[in-house]
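Hello,

I am passing on the structure we spoke about.

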Amino acid sequence: MNDLANTIDDRTPQRPDTLLGADELVINMGPQHPSTHGVLRVKLKLDGERVIGSECVIGYLHRGVEKIAENRSYQQFAPYVDRMDYVAAVSNGLGYCEAVEKLLMVEAPPRARVIRTILTELQRIASHLLWLGTHALDIGALTPLFYCMREREEILKIFEKYCGARLTTHAFRIGGLQYEAYDTLEKDVERFCRGFEARIQEYSDLLTGNSIWLGRTRNVGLLKAEDCIALGASGPVLRASGVKWDLRKAMPYAAYDQYKFEIPVGANGDTYDRYLVRIEEMRQSRLICLQAIENIPAGPIMARVGKVLKPPPGEVYHAIEAPKGILGYYIVSDGGTQPYRVRIRPPSFINLQALDKMIRGHLVTDVVAIIGTPDIVLGEVDR
Amino acid sequence: MNAVLQGVLAFVQTWWVELLCAVLIVLVVPLIAGYIVLVELKVMADMQARLGPMRVGPHGLLQPIADAVKLLIKEDLIPDNADQFIFWFAPVLSMTAALTSMGAIAFGPWFQVARDINIGLLFVVGVSALGPFGIVLGGWASNNHYSIIGAIRSTAQLISYETTAGFALVSGFLLAGTLKVSDIVQAQYAGHVWYVFLTPVGFFTYLIASIAETNRAPFDLPEAESELVAGYMTEYSGFRWSLYFLAEYANMIVVGAVGTTLFLGGWLRPFPHVAWLGWVDALPALLLAAVGVYCVMRAGKQPARVQAMFMWVVALLCIVVALIFGLVEVAHASNFAALQASHSFLLLRSMYPGLYGAFWFLLKVSAYIYIFMWLRFTLPRFRFDQLMRLGWHILIPLSLVNVISVGVGLALESSLGWNRWPAMILTSIATLFVGMLLIRWNDKHAAAASASIAADNSQVEDSYAG
């Protein structure tokens, strides 16, 4: 890690071919910088204001989550996954619970699966809202952040009513749910969803047609579809480049096979397309929530799983479409009460690889516009 | 010794009004700047569905004072690698430029330090253009990459937009036929029209250029917080930082005042010649009285004694000024001879025009600054090349064309005997047409430029393997 971090400094030669024999400038963006979204550190090699090379230095938030898993029972580890992508804790929990269920060869009851879907889609909206607000703030629009926070607050209130927590929710349990849906869950979700369409329109009015916004995001941070696939990028980043790949359709989990929704895709794979894709995804998530609350099946919320989980020896990989991309859990069991090995495929970490490709040739100003678009959360990158 | 003393006394006796005004500017402008910050926070909060500062004083009214105290008692930090003297000097330069340029501005018919400068506004523009030197030097002296980039951006931005602002002002000067502040206002009074109506393009180019000149969003690239941390101010803290901060807000007042004087009729009330709008004269008195009464009502409910005292002082001030306005208005209206002859009334009446003019002038400047805030909370930030393109490809040509068309309009008036209105409307339409052509041409150009960036992007790829 350290050697890598020093490479840029070593390679700053004098450039006699430039006017006045100017040097290249290396600036250090982060780990404490207003718009690196946490503790990401990017070393930028600049020619004037133009980026000619970059390097990400990560690890400032490393907590050894995967190692911790080896010393916790299956249930004990569940709250830890909430702390990876802490703005989309519900999605993380869903992926983990389903992975362990696959390993145990049990299935959550239908009621639990529908409630999981509702909460996960609300979480997707909340995560995208936070992304939209901070992304707009990076580009200099101060106001959308507060509008987004206002709507996100409604979602967090629903979470709080459901399980008592707002951020690191630990909403699901292996085998189903711990808590029954509270009495007015459907009503709350419906009220939020009915009002939300107008809110999305409000953000669009502020940003979508704004010529400064267009100038700042169009043709900025281009990423071709084949580059995305080569780098393993997923989620809105991949879809904005025109690849229609969404695990909710491709390999349905929870209750997604019951609902009708579209997968928005972009055409150019620039920052503007990633913005449009996320806006449209919020609309689709809203539709999924509205469909789901129409018909929540009755029945138990917990499958029959024991108090002590001892999955049979073997391994399992399960991936879900988290708000930021494909979130995969690879769990190896040796038959004991604790996992032998847990490997997590975090979407942020893998999408972050595309950063260098996106920012080359752009100006420093564009770098902040582009860092926002893979929607990284450093808790998940570093784990 | 005696001679020196007498000299000083004579000096003070001759110039006491000017000295008083100067002292007032130095004392009051920082306070006003603080309160503009509070207004900005409140406006921002209003637009962003929240409350803004509410803790210090009623509705956060004492927040600026608390902020100032906080900044004053902070540790005075100068980085080791900084150029000590320039680091010390730069914010002082910015602040001095901002305050000095205020000297030639007339806040109402009376309140002006440099009364008889015949180059009036030119002095204001020239001196306030020194301010960015403070920014550049501060950025340079900080010895920090972010500061340097901020400083360089600031220089480029200043050069581009000062030109536009200059040309926009020239169009106003052509109409007024003078550079002297009081004569410009008199010309608008005599001509029965504010120049914003005669040359709207000039006003709007000046508005945009003045936002860019004061480094406000969406042109706040020198201190773009999401990119350059705090730009040229990154290494500054405490009192030095607050000097920069004050300079920025003082500059807003300056550009607002220049725009108001030249395009918005200075201290004239709206439509000074329209008889049926005479009731507008009563507005200042009513408005101030209402604020005063509100303060009295709230004073009793304040939790801390200092807050209540503050409210009383504000109430007293408002009501005294409202009384001056009100008495004079009433006397004018009622023709009450006994009152008009009384000694104290004469004193009041002598104070009236100055205060009355200052009221309208400050109201217009506030409206101007409100536009700044409004834009700041609505628009995203430009990128640097886009800023430059807007400046050089649209605004400078447009303001040049506007100068020419104002000249043509005046020529039509003077040599062909046209009325001023049709001449100006015709030329304004011509200018707008040119502006539209410029924008269309620029859009094409911008699309090509961003496509070439994308093309370059793929070339750069091999130059360095990360």
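Confidence comes first. This is a predicted model, and it scores ipTM 0.75 and pTM 0.80. For chain B the mean pLDDT is 80, with 89% of the residues at 70 or more. Where pLDDT is low, the predicted coordinates should not be read in detail.

Next, the domains. Chain A is assigned domain 1 (2-57) and domain 2 (65-382). Their C-alpha centres lie 32 Å apart. The contact between them takes 14 residues from domain 1 of chain A and 18 residues from domain 2 of chain A. On the domain 1 side, strand E2 (41-47) and strand E3 (50-57) of chain A are the elements that give two or more residues. E3(A) gives the most to that side, with four residues.

Now the sheet. Three strands of chain A form an open sheet in the order E6-E7-E8, with antiparallel pairing. Strand E6 (314-322) and strand E8 (341-345) of chain A are at the edges and have a single partner strand each, so one side of each is left without a neighbour in the sheet. From one strand to the next, the twist averages 10 degrees. The antiparallel pairing of E6(A) with strand E7 (residues 325-333) of chain A runs over nine bridges. Helix H4 (residues 89-104) of chain A lies across E6 and E7 of chain A and runs at about 150 degrees to E6(A).

Last, the core. The largest nonpolar core has 214 residues, and those that touch the most other members are Val100(A), Leu122(A), Val367(A), Ile105(B), Ala250(B) and Val254(B). Helix H11 (residues 238-263) of chain B gives the most to this core, with 15 residues. The core also draws at least three residues from each of domain 1 (2-57) and domain 2 (65-382) of chain A. If you want one residue to look at, take Ile105(B): beyond its neighbours within four places in sequence, Ile105(B) is in contact with Gln112(B), Val124(B), Val181(B), Val254(B) and Ala257(B).

Regards

Terms used:
Residues are numbered from 1 along each chain as its sequence is written. Chains are lettered from A and ligands numbered from 1 in the order in which they are written. This is a predicted model: local features need pLDDT of at least 70, side-chain atom pairs count only at pLDDT 80 or more; totals for chains, interfaces and linings use all residues. pLDDT is the predictor's confidence in each residue, from 0 to 100. A nonpolar core is a set of buried Ala, Val, Leu, Ile, Met, Phe, Trp, Tyr and Cys residues joined through C-beta atoms within 7 Å. A residue is buried if 20 or more other C-beta atoms lie within 10 Å of its own, exposed if 12 or fewer, and partly exposed in between; C-beta atoms are placed from the backbone. Domain bounds come from an automatic or database domain assignment. Two residues are in contact if their C-beta atoms, placed from the backbone, lie within 7 Å. Two strands pair if DSSP finds at least two bridges between them. Axes are lines fitted to C-alpha atoms, for helices over the stretch in contact, and angles run from 0 to 180 degrees between N-to-C directions.
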